[in-house]
Amino acid sequence: MPKIGRPPVLDHVKKREILAIVAMGCSRRTAASYVGCSPKTILNTADRDPEFAAQLRRAEHASEIEYLQRIRNAAKKEQYWRAAAWALERINPEDFAKRPPRSLTPEQIAALLLQLADVLVAELPVGAYRKRVVKALDRLLARLGLNRSPSANQAAEEGQNDGS
């Protein structure tokens with residue numbers, strides 16, 4: 001017995017239109033507006049229809065590949081060096097993207113946090129507060145994949161061993 005219910009919002013024609021629009025480099029939002037649905041409808045349809053989801057991914061990647069190929073071709077010509085710089089800034093932003101003046105890299109922030117942890121452990125009065133702060137710092141640093149310095153570890157242990 002066939003299912004009775006609401007017909008799908010995206011019929012075969014609308015799906016083809018969405019795929020064509022996305023393949024040209026437009027967003028799903030633009031495609032949704034063009035066919036008269038919401039972007040969520042495209043997402044829901046892709047969730048229910050694996051074939052459409054695969055076609056949608058290929059369409060999105062096709063436009064990206066085409067744009068990157070054009071940038072790459074332009075960058076091969078010396079007078080269009082900006083195309084190469086643009087691509088590097090976006091592909092590897094940690095190394096090539098412009099940063100605001102006086103901004104810190106993730107590595108500099110990690111070093112600063114470690115130094116701050118060392119200062120806190122060294123300067124806090126020995127006792128329960130110090131132990132709680134040390135535990136909280138250890139949890140925070142562990143989440144970031146960092147460890148306190150050996151001198152900070154020694155200072156923390158001395159604070160825990162003196163019975164305060």
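Student: Is the crossing of H7 and H8 left-handed or right-handed?

Tutor: In this predicted model, the crossing of H7 and H8 is left-handed. The residues that make this contact are Leu-113, Leu-114, Ala-117, Leu-120, Val-121 and Ala-122 on the H7 side, together with Arg-130, Val-134, Leu-137 and Leu-141 on the H8 side. As for the geometry, helix H7 spans residues 106-123 and helix H8 spans residues 128-143, and their axes come within 10 Å and cross at roughly 165 degrees. Angles over 145 degrees count as roughly antiparallel, and H7 and H8 are therefore roughly antiparallel to each other.

Another pair can be described in the same terms. Helix H2, residues 28-35, packs with helix H3, residues 39-48, at an angle of about 100 degrees, and their axes are 8 Å apart; H2 and H3 are therefore roughly perpendicular to each other. Here Arg-28, Arg-29, Ala-31 and Ala-32 of H2 meet Pro-39, Ile-42 and Leu-43 of H3, and the residues of this contact divide into 5 nonpolar and 2 charged, with no polar ones.

Ser-63 belongs to helix H4, which covers residues 50-75, and Ser-63 counts as buried because its relative accessibility is 7%, where the cut-off for buried is under 20%. Leaving aside residues up to four places away in sequence, Ser-63 touches Val-22, Ala-23, Met-24 and Gly-25.

How values were computed. Residues numbered from 1 in each chain as written. Predicted model: local features only at pLDDT ≥ 70, side-chain atom pairs only at ≥ 80, totals over all residues. Heavy atoms only, no water. Axes fitted to C-alpha atoms, helices over the stretch in contact; angles between N-to-C directions. Helix = DSSP H or I, 4+ residues; strand = E, 2+ residues; numbered from the N terminus. Parallel < 35°, antiparallel > 145°, perpendicular 65-115°, else oblique. Left-handed = near helix turned anticlockwise from the far one by under 90°. Contact = heavy atoms within 4.5 Å. Nonpolar A, V, L, I, M, F, W, Y, C, P; charged D, E, K, R; others polar. Buried < 20%, exposed > 50% of the residue type's maximum accessible area, 1.4 Å probe, protein only.
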